[in-house]
Amino acid sequence: MNDESENTMGSPTPEELRQQVERTRDELGQTVEALAGKADVKAQAKEKTAAAKKQAAEKTAELKGQAAEKATAAKEQAAEKSAELKEQAAEKTAAVREQAAAASAQIREKTAQAAQAVKDRTPDPVQEKTAQAATQVRESAARAGQFAVDRTPDPLLEKADRIAKAARANRTQFLAGGAVLVAFLLIRRGRGRSK
């Protein structure tokens, strides 16, 4: 050590005093800045606001993600339920069609049985009269048809032709129904006379 540093009674040198004063100033400046920061309410409020905004943004992003997941799950459930309902509706429709076809077959069978029963129970003279009446009706219808054709305008004839084609396509059903009706009327008429 040199002589200056060891001064009388161990007192510090001027250089050491300057350095000590500089350190004290730095420490004092830092302390003042810390105290000023604590005393600056606006700066603290801004920091808290920024922190709250950041936290709110993070929470919003998290909630959006959860909502998107829930929406996707709900869409999937709705699609599954819709497919299930469509399948059930198709099954019910098929069952109804089968029932309708079975009922239609039963009706045709019962109609045929009823027609046969009427035919079996109808006496031969009544059947002959029915056949004669049918022949007369056909002849009268043919004459009336020719008369109507001769006097009917062409557009009306075209419409009638379309209707006749539809009737010819379903001829068996119309004839069977007509025969049953005629037989029924004749039987009823015969019973009315016998009373």
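What follows is a short talk on one predicted protein chain.

Let me start with how the model is to be read. It is a predicted model, in which local features need a pLDDT of at least 70 and side-chain atom pairs count only at pLDDT 80 or more, while totals for chains, interfaces and linings use all residues. Residues are numbered from 1 along each chain as its sequence is written, and side-chain values use heavy atoms, with hydrogens and water left out.

On confidence, the protein chain averages a pLDDT of 81, and 91% of the residues score at least 70, where pLDDT is the predictor's confidence in each residue, from 0 to 100. Confidence is highest in helix H1, residues 14-39, at a mean of 88, and lowest in helix H4, residues 154-169, at 75. Over residues 1-7 the pLDDT is below 50, and beyond near neighbours in sequence this stretch has four contacts in the model, a contact being heavy atoms within 4.5 Å. Where pLDDT is low, the predicted coordinates should not be read in detail.

Turning to the fold, the protein chain has five helices and zero strands, taking helices (H or I, at least four residues) and strands (E, at least two) as DSSP runs numbered from the N terminus. The radius of gyration of the protein chain is 56 Å, well over the 16 Å that the globule rule gives for 195 residues, so the chain is more spread out than a compact globule; the radius is taken over C-alpha atoms, and the rule is 2.2 Å times the number of residues to the power 0.38. Along its principal axes, the C-alpha trace spans about 170 × 45 × 35 Å.

How many of the 195 residues count as buried? The share is 2%, with buried meaning under 20% relative accessible area, exposed over 50%, and partly exposed in between, for a 1.4 Å probe and protein chains only.

Gln-99 lies in helix H2, residues 41-121, and is exposed, with a relative accessible area of 57%. Between Gln-99 and Ala-50 there are 72 Å in space, C-alpha to C-alpha, for a separation of 49 residues in sequence. Phe-174, for its part, sits in helix H5, residues 171-194, and counts as exposed at 53% relative accessibility. Phe-174 and Arg-138 are 36 residues apart in sequence, and their C-alpha atoms are 14 Å apart in space.
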